[in-house]
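Dear colleague,

I am passing on the structure we spoke about, together with some notes on what I found in it. Please have it open beside this message as you read.

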Amino acid sequence: MQDNLPELRDIHLPDGVSAFPIANGWWLSLAGIVLLVLLIQFILYLRRYSKARYALKLLKEISAENVVEAAKEMSEILRRICVFKYKEAAALLGKDWIEFLNQNSKTPIEGKTAELLINAPYIPKESSTYTNDDLEDLRRFCQKWIGENL
């Protein structure tokens with residue numbers, strides 16, 4: 001009989017099971033989790049900045065025809081923001097209100113512009129004490145304050 005042993009080869013065990021490459025299902029699950037996190041971040045971003053955009057839109061829509069009425073509306077917007085964010089400041093009046101606004105702003109409001117904001121609810125509509133320049137200074141302050149606080 002012929003010797004068949006030279007044709008036999010050693011038994012080789014297969015390689016161990018590797019964790020990589022990851023199966024497609026795991027990639028899909030990972031992509032879903034990443035998309036979910038990004039969607040949540042985007043929703044939080046919209047919630048945070050939509051309030052500021054809405055307040056700035058209201059501010060822009062205020063007509064400059066009557067300085068006193070416009071100042072009242074600007075004060076109302078600032079107070080609405082305070083009701084939302086700084087609940088303790090919503091009831092402040094006069095100089096306390098101006099001090100609070102200045103504490104939460106990088107650029108303080110002062111002079112005639114501050115007086116306009118304080119006195120607007122008490123001034124008759126026909127009054128010509130304050131000018132459109134004072135109103136525009138107040139509008140710029142409100143824009144900066146809204147940008148810094150919302």
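Leaving aside residues up to four places away in sequence, Arg139 touches Leu59, Lys60, Ile62, Ala64 and Met74. Please keep in mind that this is a predicted model, and that what follows was computed from it. Arg139 is found in helix H5, which covers residues 132-149, and its side chain reaches the backbone oxygen of Ile62 at 3.3 Å. Is Arg139 buried or exposed? Its relative accessible area is 10%, and because buried means under 20%, Arg139 counts as buried.

Turning to the chain as a whole, there are five helices and zero strands, so that the pattern read along the sequence is α-α-α-α-α. The radius of gyration of the chain is 33 Å, whereas a compact globule of 150 residues would have one near 15 Å. Along its principal axes, the C-alpha trace spans about 125 × 30 × 20 Å.

Of the 150 residues in the chain, 28% are buried, and the chain exposes about 11,300 Å², of which carbon and sulfur atoms supply 59%. Among the contacts with a separation of 6 or more, 59% are accounted for by residues 24 or more positions apart. As for charge, the chain has 19 positive and 20 negative charges, and their mean positions are 6 Å apart.

How values were computed. Residues numbered from 1 in each chain as written. Predicted model: local features only at pLDDT ≥ 70, side-chain atom pairs only at ≥ 80, totals over all residues. Heavy atoms only, no water. Helix = DSSP H or I, 4+ residues; strand = E, 2+ residues; numbered from the N terminus. Rg over C-alpha atoms; globule rule 2.2 N^0.38 Å. Buried < 20%, exposed > 50% of the residue type's maximum accessible area, 1.4 Å probe, protein only. Contact = heavy atoms within 4.5 Å. Areas by Shrake-Rupley, 256 points an atom, 1.4 Å probe, with all protein chains shown as cover. Lys, Arg positive; Asp, Glu negative; His and termini not counted. Charge placed at Lys NZ, Arg CZ, Asp CG, Glu CD. Polar contact = N/O pair within 3.5 Å; in protein donor to acceptor, adjacent residues only side chain to side chain.
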